[in-house]
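Subject: Structure for your files

Dear colleague,

Here is the structure I said I would pass on. My notes follow below it.

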Amino acid sequence: MKELLLYITWNPSLDAFHIGSLSFRWYSLCWLIGLALAYIVVKKLYKHQNIPDEKFDPLFIYCFLGILIGARLGHCIFYQPQDYLTSVKGVIEMLLPIHFTSPEGWDWKLTGYEGLASHGGTLGLMIALILYVKRTKVSLWQVLDNIAIATGVTACFIRLGNLMNSEIIGNVTSVPWAFEFIARDGLPRHPAQLYEAIAYGTLFLIMLWIYTKKNKPVGTGYYFGLCLTYIFTFRFFVEFLKKNQVDFENSMPIDMGQLLSIPFIIIGIHYIIKSKKKQGITKQLK
């Protein structure tokens with residue numbers, strides 16, 4: 001009975017605050033804070049590396065659109081294709097932050113994007129950065145490494161947003177720090193979102209330490225490779241503590257999140273190894 005007293009009853013309001021009739025949700029606020037912090041970090045990195053401000057200015061727009069579009073399409077295509085790809089209304093709901101309120105008519109309400117996938121967001125970000133590089137002529141690997149250094153702080157706040165939304169919940173557990181998600185079923189579950197938030201916040205601190213204390217240069221792909229390997233390796237293992245997001249995952253040996261993580265882990269390891277070879281060649285030339 002003592003352990004039960006340690007469970008955390010979790011039932012926060014979805015809205016952080018209101019201005020008149022306009023409400024601001026915690027989830028959206030966490031996204032904005034995460035992106036704003038990444039913006040500040042990358043701006044400082046660009047300044048430290050003497051990259052002109054005019055080449056930095058369009059970066060935020062590319063990143064924001066790449067992550068949002070990629071994350072939305074990733075969720076709809078990988079997790080709920082039967083809901084979004086089988087009707088005109090579904091396609092509209094996939095592209096616009098609305099929900100049709102009846103199957104017969106065209107009445108709708110504004111909901112925001114309910115369903116974003118980190119794997120799709122990562123892929124969308126990569127495509128957006130390639131387009132950004134083509135426009136600004138900044139080195140692709142310099143850009144990817146700089147973004148990788150800041151990625152942890154954004155990922156941390158996104159998962160905190162998931163926690164405030166009581167989504168991506170963990171399996172039922174008896175650990176004393178379990179969260180009882182009242183908006184779901186009230187059962188004590190692993191706070192998987194919090195585990196990920198802590199892990200990604202730690203990644204950000206590790207990246208800063210390597211950059212500032214170890215003076216490891218950007219542009220070799222090392223930070224990019226480390227970011228992918230760390231995030232998606234952790235994601236692979238934390239999935240064992242999560243409740244499956246969609247029913248079809250119940251019949252899979254590993255869930256969709258784990259399956260989609262494997263290619264990113266392989267890519268990450270590849271670029272860590274490749275970056276070390278680049279550094280070895282550079283040392284020889286010196």
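At what angle do H3 and H5 pack, and how far apart are their axes? The angle is about 145° and the axes are 9 Å apart. Please keep in mind throughout that this is a predicted model.

**Helix packing**

The contact between these two helices is made by Arg72, Leu73 and Cys76 on the H3 side and by Glu93, Met94 and Leu95 on the H5 side. Sorted by class, the residues of this contact are 4 nonpolar and 2 charged, with no polar ones.

H5 covers residues 88–95, and Lys89, Gly90, Glu93 and Met94 in this helix are buried. Viewed down the axis of H5, the buried residues fall within an arc of 140°, so they line one face of the helix. What do they pack against? Their partners are H3, helix H4 (81–84) and strand S4 (98–100). The crossing is right-handed. On the H3 side the contact is made by Leu59, Tyr62, Cys63, Gly66, Ile67, Gly70, Ala71 and Gly74. H6 contributes Gly120, Gly121, Gly124, Leu125, Ala128, Leu129, Leu131, Tyr132 and Arg135. By class, the contact of H3 with H6 has 10 nonpolar, 6 polar and 1 charged residues.

One residue of that contact can be followed further. Ala128 lies in helix H6 and is buried, with a relative accessible area of 7%. Apart from neighbours within four places in sequence, Ala128 is in contact with Tyr62 and Gly66. Ala128 and Ile67 are 61 residues apart in sequence, and their C-alpha atoms are 8.2 Å apart in space.

**Strands**

Which way do strands S2 and S3 run relative to each other, parallel or antiparallel? S2 (residues 15–19) and S3 (residues 22–25) run antiparallel and are joined by 4 bridges. His18 has Ser23 in S3 as its bridge partner. The two strands form a hairpin with 2 residues between them, and Gly20 in the turn has a positive phi of about 65°.

A separate item is the open sheet of 3 strands, in the order S1-S6-S7, with mixed pairing. Strand S1 (8–10) and strand S7 (188–189) stand at the edges with a single partner strand each, so one side of each has no neighbour in the sheet. S6 (residues 179–181) and S7 run antiparallel and are joined by 2 bridges. Within this pairing, Phe179 has Arg189 in S7 as its bridge partner.

Is Arg159 buried or exposed? Arg159 is in helix H7 (residues 140–164), and at 7% relative accessibility it counts as buried, the limit being under 20%. Leaving aside neighbours within four places in sequence, Arg159 is in contact with Ser118, Ile168, Gln193, Glu196, Ala197, Tyr200, Arg235 and Lys242.

One of these contacts, Ile168, belongs to the loop between H7 and S6. Ile168 has a phi near 55°, a positive value in a residue other than glycine. At 16% relative accessibility, Ile168 counts as buried.

Ser166 is found in the loop between H7 and S6. Phi of Ser166 is likewise positive, near 55°, in a residue other than glycine. Its relative accessible area is 2%, so Ser166 is buried. As background for both entries, most residues other than glycine have a negative phi.

**Helix H10**

Where is His270? His270 is in helix H10 (residues 256–285). At 42% relative accessibility, His270 counts as partly exposed. His270 and Ile33 are 237 residues apart in sequence and 31 Å apart in space, taken from C-alpha to C-alpha.

Regards

How values were computed: Residues numbered from 1 in each chain as written. Predicted model: local features only at pLDDT ≥ 70, side-chain atom pairs only at ≥ 80, totals over all residues. Heavy atoms only, no water. Pairing = 2+ DSSP bridges. Left-handed = near helix turned anticlockwise from the far one by under 90°. Contact = heavy atoms within 4.5 Å. Nonpolar A, V, L, I, M, F, W, Y, C, P; charged D, E, K, R; others polar. Buried < 20%, exposed > 50% of the residue type's maximum accessible area, 1.4 Å probe, protein only. Arc of directions from axis to C-beta. Axes fitted to C-alpha atoms, helices over the stretch in contact; angles between N-to-C directions.
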